[in-house]
Amino acid sequence: MHGILRVKLNEEQKRLKLEKEKTKIQEYKGLIEQFQRARQLKDYSSEKLKLTTELLDWNPETYSVWNYRREIYLSSVFPNISVNEKQDVLDKELQYVLSKMKMFPKVYWIFNHRRWCLENAPYPNWNYEMMITEKLLSADARNFHGWHYRRYVVTQIEKQGNYDLAGKELQYTSSAIATNFSNFSAWHNRTKLLEFIIKKETDPELRRQLAQKILQEELDTIHQAAFTDPDDSSIWIYHRWLMGHCNQVGAPPILSVLSTEERIQYIAQEIQLLEELHELEPENKWCCELLIEYGLLIRILSNQKTTKQEQTTWVSLIHTLQQVDPQRQGRYQYLLKKIETITNA
Amino acid sequence: MQDSNSFDVILLGTNLVNSILSSACAWTNLKVLHIDENPFYGEVDGSFGLRDVLNVSETGDREVENLCVKRTGEDAPALQDIKVEILEKDMLPSLKGITIELIPKEMYAGGSLVELLSKTKIYKYLLLKPQRSFRFYASNKEWTKVPESRADIFNDKTLSLTHKRLIMRFMKYVSSIDDEQNQEQLKQWLSRPFHDFLKENFELPQSIQEGIVYGLCQALDSKISTQRALEKIKKYFQSFATYGDYSYLIAMYGTGSELCQGFCRSSAVMGGTFMLAQKVNKVEATSVELGEGKKLWAKHIVPSQAIKMTNISETSVRQRCLLVRGKCPGLFHQNLFLLSEASQLHFVPYSLGDKWPNSVQARVLGVGAGSCPEGYTLWYLQTLECEYSCELLASATNKLIELSHSEDTKPLMYADMLIDQRDLADYDIAVETAKQLYGKITGSTDSFFQRDTVLDDDDE
Amino acid sequence: MSMNLERSKHLNYLNKLGQGQDELDFWLKEHLHVSAIYWSCMSYWTLNKKEELQKEQIVSFLLSCLTESGGFACYPGHDDHITNTVYAVQVLLMLDSLDRIDRDKVASYIINLQNEDGSMKGDRWGETDARFLYAGINCLALLGRLDMLNKSAAIDWILKCRNFDGGFGLCPGAETHAAYVFTCVASLAILKQLDSIDQDLLGWWLSERQTKNGGLNGRPEKLPDSCYGWWVLSPLAIIEKLEWIDRNGLISFTLSAQDQETGGFSDRREDIPDVYHTCFSLTALSLLRYPDLEPIDARFCLPLEVTKKYNL
């Protein structure tokens, strides 16, 4: 339903189109009727697989047909064959599903059926599935079905091998980001992976060192991106995560191992860099907003009152924000009130 | 006069402009006759087999005069003679499957030609491959990545944060160049050197500036005008990521010749008649006399077209095509495990020697481009013709050998020719020229390749 | 481009929806039949034309989709699924016809789909994501059987879908996506658990979805689409921060996605309209207080009149 171009037909073209579709409708309705009859009769004979293939070729979103297909496999195919034969059958089925995925890379039912095949296969080839996720994501780096499926496959491999792939997955996100750093899906996955990697280190001192090293590297990367294209929102959302600004409940794992003084030091460094960028790009809204947010954060962490001068700077930054980003006026108004309450408290 | 000797349009010469025009006329149901005096398609846009050259050149280093390409009915100069030199006679591979383009060019993925190929489905007659602008040899004597995209700027660890910002400002400027305000400011710069424009308006580091001028613009010397340079850069960026992370497309087996054949084939499918290797005696306003004296009539006679670009000077360019043994992985962009099929390399002025103020532009084709056998590569080098152009090309060749990463890299032979710089104009200009000619013939450009495709069959 | 809502054209478009039997596309959309009934009922209702709904015809069709399991199928002869079930129950409620079904049976159908961890499956085959939990919670609330749900597990699971940016993904670990933000926030609202989320942070993420042309996207650096009018606005409405985006910009973007000739809305101006985008464009316009549209309850995506009547 998304992204189908409007083509306006004249009366003659409409008539021709309907004429052409008449036989197709009959054909399709005939198949659906056969399907419904077979279903009513609880006919699970394997000859009916062909019918489901034909129907799915017409429309891969008829979930009942996928269901029926699975029922046929479960009730009349699998019970009568050896384990190896079952693997062969499912390998062929996976090939079929793949052909559908190539045409319809965003249909839930198709992914669903693929998972069912793999979970029923005696010897699922998860590495092959990894390759498929790479194909999916190289065709569309933001396909959230693709990312979801990749996380699922990774979990399966980890379960099977009793090890984790966090390091490798982190590398994968790095290369996705090197290709296009607007890929927030990759940044998102990175937050999950880094949390895992830091939590995995049990020795407190080593964990602290690890977190510090990671933080430094991540900041370095995000600086490169921020100066390359400060209008890109995905990098700033990630930056907020690195600064621990987004987490109300407590510092995220990457920061929880640092002392408050260390955190303040990091934030102060970032503020300095943001000021440099702000000077180069005075109309960039992210710099304005984060200068305020991080300033406030330092005050909260250090438990110190805001100075009059800070307050004046923030208020003038908000005025800039209202000018360069009028769409979000309402929120900036709210932010202004928040600053007043905090500074007056 | 509805007889077999009369046509709506007679086209002379199957260069790209005329091939597109031929197809466009046939699409509008005009009666088309298309003649070429050469035995192959494309004239200067065409290519020849290595066998053709060596058959006539037994000693291997004689001038090959009968490869001169004819343009019919037009005063534009035909291609100059081709001089072939064999360097390693015993190492030459079987000559089958080696195709040398007269003037190698690439298509902009986001340009009007590619758009036309896609709209008319003529792309189905071609096998398209990406070509990347890969590296340039900067004046600091270092190989550097051409700054093609935002990702390149992000990933380049040698650039300072501030420089990244400044370069991206330039890139953003180019993408908003059509804004009124920018156009106004640009007016005073259009005919002035691009170098000065960059210096005055953007504080770019030297190497980036070189990458832009000699990489993205493929300038042959430092005199490129602001107008022409910005046109090229704009197209480069617009093309990037149209089909993948590259801006250029080439067609396997010789881009120009395949394009001409594709359009001619489409013309023939729509009813056009073709005559190759057909001698023409005389061309008049409404008639053409063939070699054997037969006279044919048409309302419109279209002679062989040279692409006219007023803002390119009529200078000669020396082009050298080398057949090289070795896969040369170092000359191609590598993505995961895949080597690209074709790439461009650029030598900045003075990078090859302090006394040489011109650049060298190189195109390298691997086996995937379909023009040479496995284990070999074809290199095309171009530089402005001058007293030291041969020395410059030899020096560039040595640098490429160094970069090639094959121990056995060895040039086996080369073919030199002099070409008219105006013939280097990009293919999209051919589409524009054909469209204008079409307008003159039919009275309007509105119906140029317009067909009702709504009801085209979708049963696949 | 007209900046007015083409009411009569949209009604015309909706009236024609059931009459496409001579077009192949009509039959290929069978899997969306019950959903389409809900979308079209909501569209009529939002346009103040609920009296044009053919009540008896709709109800009897929906009842013909009810399966032995207690769930609804997309069309007679197909299988039950939680999505069709919630849509069918929503429409039945709108048409005051909930007494035509065995509520307990439908409620236990839903309850049987809840997993131990609190999440819900779409059907017996086990696909699990936040859409289905929302469908279940919504449906149980309409049926007056919310007490049957394992609430604390459900809430825990929803909160596990939450990300650092304040939004929610389709399951724990997944990237924040506006449609899932809606399902999770609306679920929490129905369960009266809004205190457990950081509303300022969520409001920030949602307000950043507005792009330069006024439209809303579903994730950072993606194109705007008229249906995100609903997915982004409804959670903003729930946390009472609708004024955090530019109302006029969004109205004009949404209106630009109207098909001026045939009526109906599409995702973006150049594409063909469909009933899904028509429904969520109209309900979004209603949340934006566009004149003369029925108010909508953002938690249930039902007319406010209906949820008030049933004390939801």
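Where is the place of C:Asp292 in chain C? Select C:Asp292 to begin, and you will find it in the loop between helix 13 and strand 1 (296-297) of chain C, where helices (H or I, at least four residues) and strands (E, at least two) are DSSP runs numbered from the N terminus. C:Asp292 has a positive phi of about 60° although it is not a glycine, and with a relative accessible area of 56% it is exposed; here exposed means over 50% relative accessible area, buried under 20%, and partly exposed in between (1.4 Å probe, protein chains only).

Before moving on, keep in mind that this is a predicted model, in which local features need pLDDT of at least 70 and side-chain atom pairs count only at pLDDT 80 or more, while totals for chains, interfaces and linings use all residues. Residues are numbered from 1 along each chain as its sequence is written, chains are lettered from A and ligands numbered from 1 in the order in which they are written, and side-chain values use heavy atoms, with hydrogens and water left out.

Next, select A:Asn303, in the loop between helix 14 (285-302) and helix 15 (308-324) of chain A. Its phi is near 60°, a positive value in a residue other than glycine, and at 70% relative accessibility A:Asn303 counts as exposed.

Now display chains A and C together. Contact (heavy atoms within 4.5 Å) joins 73 residues of chain C to 60 residues of chain A. The two chains bury about 5900 Å² between them, 55% of it on carbon and sulfur atoms, buried area being the accessible area (1.4 Å probe) that two parts lose on being put together, summed over both. Highlight C:Trp125, C:Phe164 and C:Trp204, which supply 14% of the area that chain C buries against chain A, more than any other three residues.

Between chain C and chain A the count is six salt bridges, each a side-chain nitrogen of Lys or Arg within 4 Å of a carboxyl oxygen of Asp or Glu. One salt bridge to select joins the side chains of A:Arg142 and C:Glu175 (3.0 Å, N to O). Then select A:Lys285, A:Glu289, A:Asp325, A:Arg328, A:Arg331 and C:Glu208, which are linked in a network of salt bridges.

Finally, go to A:Arg39 and A:Glu71, whose side chains meet in a salt bridge (2.9 Å, N to O). A:Arg39 lies in helix 1 (residues 11-40) and A:Glu71 in helix 3 (residues 63-77) of chain A, so the pair ties together parts that are 32 residues apart in sequence. Both A:Arg39 and A:Glu71 are buried.
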